[in-house]
Each structure stands twice: as C-alpha cells, then as structure tokens.
Amino acid sequence: PSPPPPSETPSRHAGLHALEVYVPRHAVSAAELETAHGVPGKYTVGLRMAEWAACDEDEDVVSMALTAVRRLVEAQGLRYEDVGMLQVGTESLLDRSKSVKSHLMALFAPHGCANVEGIDCYHACYGGTAALLACANWVESSAWDGRWAIAVCTDVSDAPKQYPFMNGAACVAMLVGPDAPLALEAGRVSHIVHEWDFYKPVGWPTMGPIIDGPGSMEVYFSCLAACQREVEARGGGTFVDAHDFLVFHLGSGPKFVRHAFESAVAAAHGEGSVGEEEVEAMFERLVAPSLRLASRIGPMHTAATYVNLASLLLHASPPVGSRIGVFSYGSGAASTMYALHVRGEARVDAAALVGMLDARERLPPSDFVAVCDRFSATYGRFDWTPRVRGVSPARSYRIKAVGVLGRREYEYVPFDEVQLRAPDVAAAEAAESVVQAASASSSALLQLLASLAGGGT
C-alpha cells in the first residue's frame, strides 16, 4: 500500500541562521605551485585557483570542528544547553566506530549537557548535506523540543599522487532553527546510485582515495542531469532559470563548477542553443560569487558546498525574496537538489572570515608539500606528539597527543602564540623514520592490546 500523503501542517521555515567557517593556517600560492610543478597556467588559468589550504599534523577534522562549533556558539551568544541536535558530515574518518560528533560533546560536558541528538553522516562529499537535512527535518518534526540544531561539515582533501592539486581543508558549522533567514523549501529531489568513481577501502595503505577522474566527472554530470529532470517533471522549472543564484558542489575546483554549469545550461536549453558569451554572463551572475572563497582553499569534500554558500552570502548579498538553488554531490554516488528561500540575512562574519584567509602562513611550494606529507603520514600512526609549525591561531583547537591505542587528545589555544621556529627538515625526517620503525615493531603495543583483551600474544 502507498503511504499516506504529506500532511498540510504549516512549515516552521527551518533553515540556516548563521554559518561559521574555519580554514587551517597553511597556504600556498597556486601560481608558485604550478611553477614548481612545471605546469605554468594549469592551476591559475586551467583550474581558476589562487591558493590552496592544508592541515599540518597538529590539525585534523576533529580539531577543525571543535574550533568551528565553539566559535559559532560564542559568536551567536548561545548556551550549550540551547542546542538539542548536532549532526556531523565528513568523509575523513578517524575511527571506524567512534563518531566525530562524540568528540564534539567535549564542548558540552562542562555545561552538563549530554541530551543532544544526532551523530555522523558518512558518504563522500555528500555527508554535510545529509547532516543539514537531518537538522532541518528535526526542526520541522513533532520531535523538535524548541532548541537549536547545528550541522557540521569537516573534511581534509588529501591529494593522491596523480592529482597533486587536490589538497584542501575546511570546516563549516551551521546554526539551524525555525523562522530561518535561509529557509529550505519543500520539494527537494535526490539521485543516489551505486558507482565506483571515488572510494577509500578499508586497508588501503594511504589516506588518499582511489579515483577514476574522468569517470567521476561523468557520474557528477549524470546525477546533476537526473536531479534537474526530476525537479522539472515536478513543475519546479529548470535549475538554471528558476533560481536567482546557484551553488554547486565544488568537485576539483572552480573550473569544474564552470563545466557543471555549462552542462546544466545544455540540459535546460539544448546543447549549443545558448551562446558562449551569454553562458559566461549567466555564470558570472548566478554562480561566480559562490566560488571566491573556494579559489583560496581548494577541494573540501563535505564542507565545499557550504563554503560556497558562505561565499555567495558574502559576495552577492542575495536580497529578501530571492531563491538560491543548491546542488550537492558525493561520489559513489549521492546527490540532492534543493532551494533556499531568502527571508532575511543569515549571519556570516565577513571580516573575520576574509581576515582568517589573509592571515594564513603562505609557504613556499616545497614547504607546503612537506606540510601535506606530514599530515598524510598521521594515517594509521600511534603514540606520537605533533610538531607545531608556525603560530596556532587564537581561539582554535589542535592535537595535543595521540596515544598508543590511537586515542587523540586536543587542546585549546585561547590567544595567539609566540612565533615558533620552523623545525629542521633533516631532523624532522630522521625523527619520523624512528617513529615509524618503532610503531611497526612495537612489542609493547602488542602486549598492551593483549592484556586489554585478556589473553596472550
């Protein structure tokens, strides 16, 4: 039998009230990186990138999420007791059992708060959208208890060797509640299929994914077209014509989004029916403002769509009454197309966000690659203490230590620190080799694990 039709109960206009973006402090110029890689013009012109961001070994998805959530709560004048749901989207898992959300509950514990619904949402770049929709659904439901919800998207893009330009990292924490200035409209559509375009199998020796680059682009475009067809079939109009602004999942970068937009225009009006100049004008008006932040950060997996949304809010200031069309995608593959109705001004601290990007440490390409390599080397590593290069930003979290059983401890940095001397590269590499050798053959670790299990070796 068919389920009963949707009820006609009035909407609470659930959606976004505020966004807090955090980006790690290390960056590199795209122009300098393409010169170092011997591919002049490929990154700046070919990919439309200006800079990339990266985590060093003292940051990860949990430290970024702790920072973003705490800053959001403090900036919006909330009490932790006022938050009733916290959902996290990420594909950068630190554990195959313990959630990132459980780490974030360390923020709530000092306030006696444990009654906070929600957990992690896990599917490539799509998890952040799943987290947001879960929060909005809760606010609209009979289960809502009058408190705020927070959706967190936190990820590190670790570039595989064949795509050295795919580094990036960011976290977005979004405050979700009723009567929102950016309200989710009803009538969204999804397209979810089984694909192998991008995946990270258990036991794979590196943190980075297995990618079918051309195949992944095809799956993205296929999901985009399928969502467009369904929206149009439901009477929602074409994606590129029915909205005043558009936000796309970033993929590999801004140039990829340009290709996605061209694909959407062709699907709406027919291949070649819209001239190149008109397509460019449409892109600049509808999409380009959403990509300015991403061009300074790089791929961000789950955070990408919502960093793009924050960028649109900063650089286009959508007026009340306008509609923002959003297409979210995650390889493997899951996608959703929905609309935000602008009913007011969602809060994004423009000065703080741009100031954070401007204040980052610009590294020479070789040093930036070393930072990325150090972060990658934390995969599967136990019993270590991170080195801190440069200055941890004020009001941020970082990794304090990782124990012999992989338990990660974090510490809060309330103020700007005194500049620390960059570590000697040769000494750091020597120390790294010692740590890795010890980790590979540690009988003490095996004995400890055996004793915890209650058995012998």
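**View 1. Strand β1 alongside β7.** Seven bridges link strand β1 (residues 15–22) to β7 in an antiparallel pairing; here two strands pair if DSSP finds at least two bridges between them. Helices (H or I, at least four residues) and strands (E, at least two) are DSSP runs, numbered from the N terminus. Look for G15, which sits opposite G177 of β7. This is a predicted model, where local features need pLDDT of at least 70, side-chain atom pairs count only at pLDDT 80 or more, and totals for chains, interfaces and linings use all residues. Residues are numbered from 1 along each chain as its sequence is written, and side-chain values use heavy atoms, with hydrogens and water left out.

**View 2. Strand β6 alongside β7.** Strand β6 (residues 148–157) runs antiparallel to β7, joined by nine bridges. Within this pair, T154 faces C171 of β7.

**View 3. The two faces of β7.** Ten of the ten residues of β7 (residues 168–177) are buried, so the strand is largely enclosed by the rest of the structure. Buried means under 20% relative accessible area, exposed over 50%, partly exposed in between (1.4 Å probe, protein chains only). In a regular strand the side chains alternate between the two faces of the sheet. One side of β7 carries the buried G168, A170, V172, M174 and V176, and the other the buried A169, C171, A173, L175 and G177.

**View 4. I192 in strand β9.** I192 belongs to β9 (residues 189–192) and is exposed, at a relative accessible area of 57%. Beyond its neighbours within four places in sequence, I192 is in contact (heavy atoms within 4.5 Å) with A333, A334 and S335. T336 lies 144 residues from I192 along the chain, with 8.4 Å between their C-alpha atoms.
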